[in-house]
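Hi,

Here is the model I promised to pass on. Have a look, and my notes follow below.

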Amino acid sequence: MKNCALQFSPTGGVKRVMDILASELSIDGQVDLSDPETDFSEVALDGDGVCLIGVPSFGGRVPGIAIERLRKTNGNGSATAVVCVFGNRAYEDTLLELKTEAEAAGYKVVAAIAAVAEHSIMRQHAKNRPDEADELELRGYAKEIQRLAADKDKAGDFTVPGNSPYKSYGGSSLKPKADESCLSCGLCAEKCPVQAIPKDNPALTENEKCISCMRCVAICPNGSRKLDEQTIIALTQATKKVFEGRKLNEMHS
Ligand SMILES: Cc1cc2nc3c(=O)[nH]c(=O)nc-3n(C[C@H](O)[C@H](O)[C@H](O)COP(=O)(O)O)c2cc1C
């Protein structure tokens with residue numbers, strides 16, 4: 001694979017950011033890190049092209065399953081931009097963790113981007129982002145990635161914000177469930193990145209497997225999968241302050 005994007009995008013925010021970057025970079029290959037059926041040990045880049053790796057920030061960290069799958073791939077020295085997408089709170093150690101893991105898997109990281117997209121749980125935050133202004137900025141980042149990738153051996157070491165050891169993230173207690181309107185179509189079970197929804201009873205959620213990524217809520221054609229409304233109201237109230245203001249996109253290189 002030459003120019004390739006690897007992404008973990010449960011509800012499409014990461015994908016929107018990645019699509020904007022990819023459209024400027026002639027990306028032709030896609031690796032879906034949310035697909036539990038893919039054998040990621042067969043993913044090997046050819047080393048000549050440009051690569052993008054995109055993940056969301058979950059609790060200031062890279063989702064563990066995305067790391068697990070990324071580790072199986074082989075970057076073969078491909079010039080790579082790592083991209084962390086966050087929902088207008090903070091990305092904390094996500095970008096540092098992603099850069100470190102990508103380098104360990106053989107990707108030559110020439111740039112690191114943090115970009116804002118609509119929050120996948122509390123959708124009122126960063127609503128409709130990336131917007132037009134984000135798109136303009138991201139297209140500029142892509143041009144810079146192209147330039148850095150052409151000279152990847154000269155691309156110096158650079159630091160990105162974040163701390164090591166990384167902040168601890170034990171997962172979220174928010175587990176979506178289907179209500180009585182569920183038609184058991186099975187789409188959620190098929191598309192769950194961690195197979196936490198039993199195919200023979202898609203109204204259920206296996207809480208210990210569920211990573212609260214919200215894909216099932218986002219894709220249910222009947223709007224049947226939901227989080228507890230009162231919990232979301234309380235969470236929205238309690239976290240109001242940390243979401244204030246328009247958070248900015250960043251690129252480090
Ligand atoms: C479980 C979970 C944890 C999250 N934690 C954070 C966070 O710590 N900071 C933040 O700004 N956004 C956070 N978000 C929002 C996502 O990072 C953001 O909405 C991202 O665009 C989701 O990507 P996706 O739409 O591709 O699934 C979280 C979302 C989920 C589902």
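First, a term for what follows: I call a residue buried if 20 or more other C-beta atoms lie within 10 Å of its own, exposed if 12 or fewer, and partly exposed in between, with C-beta atoms placed from the backbone. This is a predicted model, where local features need pLDDT of at least 70, side-chain atom pairs count only at pLDDT 80 or more, and totals for chains, interfaces and linings use all residues. Residues are numbered from 1 along each chain as its sequence is written.

Start with strand β5 (residues 108–116): eight of its nine residues are buried, so the rest of the structure largely encloses it. Helices (H or I, at least four residues) and strands (E, at least two) are DSSP runs, numbered from the N terminus.

β5 runs parallel to β4, with eight bridges joining them; strands pair if DSSP finds at least two bridges between them. C84 has A114 in β5 as its bridge partner. A114 also stands opposite E250 in β8, and β5 and β8 (residues 250–252) are antiparallel, joined by three bridges.

Now the ligand. 27 residues surround it, the closest being S9, G13, P56, G87 and R89 (near means a C-beta atom, placed from the backbone, within 6 Å). α1 (13–24) and β4 (79–86) are the elements that give two or more residues to this shell, and α1 has the largest share, three residues. Domain 1 (4–164) and domain 2 (177–233) each supply at least three residues, the bounds coming from an automatic or database domain assignment.

Cheers
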